[in-house]
Structures are given as structure tokens and as C-alpha cells.
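Please look through the sequence and the model below before reading on. The paragraphs after them lead from one region to another and give the cut-offs behind each term as it comes up.

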Amino acid sequence: MLQIHEDQVERVNKDVVVIGNGPSGICLSYLLAGNWPHYTCKDHPGDEMLTARLRYSIAASELEHSSAADRSSNCSSVSEEDDEDEEDNDSNDSFSSLPRDDDCDDDRREDEISCRCCQRLQNRHCLPLSMSKPEQLELLASGLEGRNSGKPLSLLMDNLQHPCLDAGLDVPSLLDWKSVQEHREHRPVDHVVLGKGPPGGIWHSLDPSVLTISLTRWMSLPGLDLRDWLASLDQDERRRLQIVPPPPAADNEQSRDKDKVERVPIGVVAAYYRDYVTRHALDKHFRCGSVVTSVKPLRGGGDCCDDHDGNDEYRWLVEGYEYDSGRQFRYRSKRVVLATGTTDSYNRLGCSGEDSYNWVAHDFKAFRRKLERASRGGGSCCQQSQQQSTPEPVLVVGSGLSAADAIMAARSRGVPVVHVFRTSSPSSSSTSSKSKSARSLDKVQWLPASAYPEYHKVYEMMANNRKYPLYTPLADHCVVDFSSACDRLARTKKRKVTLCSPQGRLLTLRVSCAAVLIGSKPDLSYLENNGTDLGKYVDRPIDSHANPINVNVYTYEVEQAARRGLYAVGPLVGDNFVRFILGGAYGVFADILNNQYS
């Protein structure tokens with residue numbers, strides 16, 4: 001093993017270290033680089049109360065700053081005793097600096113705020129920094145509802161960035177993003193974004209030809225709409241970015257909906273995220289090809305005493321190495337943000353032979369490569385003997401959207417599918433087909449049938465008892481064993497899967513290959529105890545749905561962290577869609593700026 005001396009380790013001090021260079025890390029880097037949101041002061045087309053709260057907060061913030069400026073200008077003529085009295089009378093409330101005349105009633109205060117609001121609207125139309133205080137964000141986000149995990153800040157920023165998105169309206173954003181060059185008061189924060197691959201994270205590892213679940217405008221990051229970016233590319237740029245054209249429509253129904261509903265291939269989204277970093281000059285903050293091995297708190301005189309110089313500003317130590325060169329790095333940081341997502345490793349069934357054979361795939365991209373090799377005549381998957389008129393079936397395990405993609409990919413190539421999936425019933429033998437259908441459709445209910453006919457077709461096949469070509473559902477069966485043995489007569493290898501029925505009967509099937517698509521989990525091995533003590537349920541693995549990291553919903557600071565200054569964003573905290581990650585990024589950004597500059 002190569003020995004690295006301490007003097008060869010790169011040591012750097014940073015204000016913020018972001019671990020993960022996917023959409024969450026990119027979005028946060030954009031904010032930390034000095035790109036701040038300015039409220040356009042236009043009415044929200046679907047929420048009059050949100051519009052009223054926004055204008056009231058802006059006006060109140062303006063009054064607060066004006067009062068502070070007046071007090072500062074009169075400071076020289078006020079006695080020290082008066083100053084102390086004034087400080088004692090100040091409140092921690094965000095609107096504490098509003099006028100407090102004895103004869104000023106609530107109606108008069110509202111009129112003054114309304115007047116100030118009109119002046120504010122004629123000014124620079126900015127979502128002010130002071131509005132980023134948690135108590136003010138809580139006021140703005142009150143009463144908002146949406147599909148997200150219930151985090152109010154994610155819903156608030158989504159309502160501002162994508163107004164009326166769930167209503168199917170394509171309304172311009174209520175936020176105008178301004179850079180450091182456009183506003184001097186914007187202050188960039190010194191930070192670095194660490195990631196294993198290119199900017200975009202997991203999006204570069206997925207099958208580039210598969211259409212996204214989210215609509216095109218849902219995938220956009222602040223300051224550059226994906227649709228505008230795509231329209232701006234010429235043919236040379238498309239070739240340079242290796243953009244894969246969208247697949248042809250599966251049927252006439254999908255063709256009719258193509259103009260109404262916009263979805264793009266995953267490869268386009270991956271190229272967009274990568275180019276987004278370049279266009280916004282964020283490259284200097286990104287250190288790609290980096291593997292983080294350790295994140296631990298700095299305690300003076302403690303475990304990390306060698307890296308502690310007595311400066312309590314630097315609370316965290318991040319260690320790792322460059323994937324290609326092996327060069328090690330060590331960052332001392334004031335704050336660390338976990339943005340690694342939850343798709344680092346694919347879940348396993350844990351049955352015999354699962355990891356022993358290369359014909360068992362755990363991600364759709366690998367499974368599709370096997371199908372493509374077979375269709376070109378070179379493949380180990382879907383082999384057939386001379387006596388067979390149809391290829392041997394493939395086994396698909398799982399009930400999510402990736403499993404649905406695998407089923408569609410196999411059937412479109414004429415390959416039969418045996419589909420093993422679970423329902424929520426503890427005893428499926430006594431469960432009606434209708435109730436099974438309801439549970440199976442839980443994962444696709446929020447997808448409109450007109451926009452996603454292919455997924456609704458798969459879930460229809462799962463739910464109904466009728467027969468469909470090239471499809472055999474085996475609900476509530478369990479995989480017991482994967483095995484392979486030589487067939488001397490056919491001079492081939494028999495690939496077998498042993499299943500157990502809900503009644504306990506064993507069933508052995510010959511298959512050509514298998515796809516086990518039962519979700520994924522994050523790699524938090526760089527944290528103590530793999531981060532299990534940071535979730536809502538302590539001592540359980542972190543899971544984006546069942547056990548996300550427990551954070552403050554307005555600052556996104558980890559509640560159970562060993563020290564202050566550890567944050568988490570994105571799927572790690574339950575924000576599983578790109579459209580909602582802006583809320584977490586803004587929460588971290590606002591907390592950093594308030595604590596750094598206030």
C-alpha cells in the first residue's frame with residue numbers, strides 16, 4: 001500500500017465544504033458564489049395570501065432598516081443611558097423596528113407598512129437578506145401545501161421559482177437572480193464542492209436515453225431554464241455535450257401528448273447540469289474526481305488536535321483523496337453541507353447467489369446493456385437454443401419506476417418478462433385484486449395518465465388478473481436463490497431462479513438474466529456510525545423516505561450533529577425532486593449569511 005507522508009497531504013481552509021456535486025450541490029454553489037434571489041414583486045397568480053405576506057415582509061424589512069439607519073445617524077446626540085434604554089426596549093421580533101408611537105394603533109401601522117411597500121415596489125425589488133431570518137421565513141411559508149416531504153421552505157421557494165406548477169400552468173418565476181457583478185452588496189462565500197464524477201452527480205450514471213419522470217421545467221436550476229438552455233444549443237454544442245435524442249413515442253397516445261407535456265432524456269439533463277456549472281463560472285469551486293473518506297468535528301485538544309489551531313471558527317475536518325492521482329486532501333471548514341444524494345449503492349435482496357453471477361443486474365442501465373447486446377446477437381442475456389422460438393424470459397424484481405422501465409425495455413424487444421413484486425398486504429392470499437391494485441398504484445398515482453401512459457400501462461398489468469403478452473406477474477413472491485448449472489446437451493448454462501410463493505411453495509424458473517431493482521441507499525461511510533445517529537429515527541440507516549436526516553426545516557442544519565455547522569440538503573433530508581432542492585439550498589445560504597454578516 002502506498003504510504004502518504006503528512007507533508008504530502010494538501011491542507012486547505014474553507015468557509016464551506018459541500019460534499020456532493022449533484023443538483024443540490026450545484027444549486028448551493030450558485031447561491032454561495034454571490035447569486036442572490038430578487039423578488040420581482042409581481043402577484044402570485046394562485047395565492048393572494050402569499051403575495052400579501054411577501055409585500056408585508058418587504059415593507060416591514062424596509063422600515064426596520066430605515067429605523068436602524070435613523071438610530072445610527074442620531075447616535076452622536078444620544079446619551080449612553082438613553083442608548084441602553086433603547087436596547088432594552090428592542091424586541092427579537094423581525095418587525096421590532098416599526099414605529100411605536102403611543103397613539104399608533106394596528107390600523108395605522110398597517111397603513112404605514114402598505115405605504116412603505118409601495119415605495120419598495122418602485123425601488124430595487126429585492127428579496128432582502130433580513131427576510132432570510134427563520135422567523136420571517138416561517139411567516140412567509142405558513143399555510144403552503146404541496147407534494148414535498150412537508151418542509152415549508154422547500155414549498156415556499158418552489159412557489160416563488162415555479163408558480164402554479166402543480167396546477168399545470170407555465171408561469172414565469174417570481175424571482176430574478178442577480179450576480180455579484182450586478183449588485184455590489186452580494187458577498188460570495190469561499191467554498192468548495194467535492195464530487196466523485198462530473199458536475200451533475202448520479203445523473204451521469206443513469207441511462208441517458210430514458211425520459212425523466214419530472215417535466216422539463218421541473219429540472220431547471222436557478223438563473224437558467226433548461227428549456228432556454230436547450231434551445232440555445234447548436235448542432236456542434238449538442239455533439240460536444242453528447243446529448244442523446246429523445247426516443248420515439250411508444251404509441252399514438254404518447255405522440256398526441258408530446259406537444260402538451262414536455263419530458264426530456266436523462267442524458268440531456270446530465271449535460272445541462274454540467275454545462276450550467278461552466279456557464280455560471282462555478283468551475284473554480286468544483287473539485288471533481290474526489291472521494292471523501294472522513295468528516296469529523298474539530299475539538300480543541302480532542303481527537304483532531306493536530307489540525308486545531310485554537311480558532312473555533314473552523315469546526316469541521318473533511319479528509320479525502322483524488323480518485324485518479326491518489327493525492328490526499330484535508331479541509332478545515334467552518335461549515336460542512338451533506339449533499340450526496342441517496343443513490344450511491346443499490347439495495348440487495350440478500351439471497352444466495354445474488355452477487356455471484358454477472359447476469360444479475362442491480363441497476364437499469366446495466367440491465368439495458370445486456371438486452372442491447374442480446375438484440376445485436378452477441379449476448380449472454382436472452383440466449384435461446386435452436387429448438388426455442390422465443391427467448392427465455394428475464395426476471396424483474398421490484399415495483400418502482402425503474403422496474404417499470406425494465407419491463408418496457410424487455411417487452412419492446414420481444415423478450416418475455418417474469419415480474420416479482422411486493423404489495424403492502426401482510427397476507428396477500430386473502431387480499432382482493434382491487435386492493436392490490438390500489439397499493440401498487442400508490443407510487444404512480446401522482447403521475448397524470450395522459451403524461452405518463454407507459455407507466456400507467458405497467459401498473460395496470462400488475463393490478464389486473466387478465467393476461468398480457470410477454471408478461472407474467474408474480475405478486476408477493478420472494479426470491480430464494482440464483483443459480484447456474486451446465487446443460488451438457490444444449491452446451492449452455494442453465495440460469496435458474498428459485499422463488500417462494502405466498503403460500504410457501506417453491507418454484508424454479510429458467511431465466512436468461514435478472515434485474516433486481518428495489519431502490520438504493522446513500523453512502524455515508526465518511527461519517528461516524530455511517531450517519532445512523534443523524535436520522536429522525538436514531539440507530540436506523542438513513543433513507544430518503546423512511547428515515548431522512550433530521551434537520552431544522554428553515555436552516556437545514558443537522559439537529560443531532562456533534563457540533564454546530566453541519567447541514568444536509570436534497571434527498572438526504574427528503575427533498576427527492578429537483579424542483580424542491582432550492583428550498584434547502586436557500587435555507588443553508590441564508591443561515592450562513594445571517595451568521596457571517598449580521
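This is a predicted model: local features need pLDDT of at least 70, side-chain atom pairs count only at pLDDT 80 or more; totals for chains, interfaces and linings use all residues.

Residues are numbered from 1 along each chain as its sequence is written, and side-chain values use heavy atoms, with hydrogens and water left out.

Helices (H or I, at least four residues) and strands (E, at least two) are DSSP runs numbered from the N terminus. Among the buried residues of α1 are Cys27 and Tyr30, and the helix is followed by Gly34, whose phi is positive, near 105 degrees.

Tyr30 also belongs to a cluster that ring pairs build together with Trp177, Trp203, Trp229, Tyr272, Tyr273 and Tyr276. Rings of Phe, Tyr and Trp (its six-membered ring) pair if their centres lie within 6.5 Å, and planes under 30 degrees apart count as stacked, over 60 as edge-to-face and the rest as tilted. The structure holds 11 aromatic pairs. In one of them, the ring centres of Trp36 and Phe589 are 5.8 Å apart and the planes stand at 65 degrees, so this pair is edge-to-face. Trp36 lies in strand β2 (residues 36-39) and Phe589 in helix α15 (residues 581-597), so that the pair links parts of the chain 553 residues apart, and both residues are buried.

Charged side chains meet rings as well, where a charge sits over a ring if NZ of Lys or CZ of Arg is within 6 Å of the ring centre and within 35 degrees of the ring normal. Lys334 lies over the face of Tyr314, 5.8 Å from the ring centre, and the charged end of Arg540 sits over the ring of Tyr537, 4.6 Å from its centre.

Five strands form an open sheet in the order β10-β17-β11-β12-β13, with parallel pairing, where two strands pair if DSSP finds at least two bridges between them. Strands β10 (360-361) and β13 (471-475) stand at the edges with a single partner strand each, so one side of each is left without a neighbour in the sheet. Four bridges join β11 (residues 394-397) to β17 (residues 513-516), and Val397 stands opposite Val516 in β17. Ala514 is also in β17, and at 0% relative accessibility this residue counts as buried.

The whole structure has three cavities of 30 Å³ or more. On a 1 Å grid over the protein atoms alone, a cavity is a set of points where a 1.4 Å probe fits but cannot get out, and lining residues have an atom within 4 Å of a point. The largest has a volume of about 70 Å³, and its lining includes Cys27, Met157, Asp158 and Leu582. Helix α6 (152-161) and α15 each supply at least two lining residues, with α6 giving the most, three.

Finally, Arg369 in helix α11 (residues 364-375) is partly exposed at 42% relative accessibility.

Methods
Buried means under 20% relative accessible area, exposed over 50%, partly exposed in between (1.4 Å probe, protein chains only). On a 1 Å grid over the protein atoms alone, a cavity is a set of points where a 1.4 Å probe fits but cannot get out, and a pocket is an open set with protein on both sides within 12 Å along at least five of seven lines; lining residues have an atom within 4 Å of a point. Grid points are joined across faces, edges and corners, and a volume is the space filled by probe spheres set on the points.
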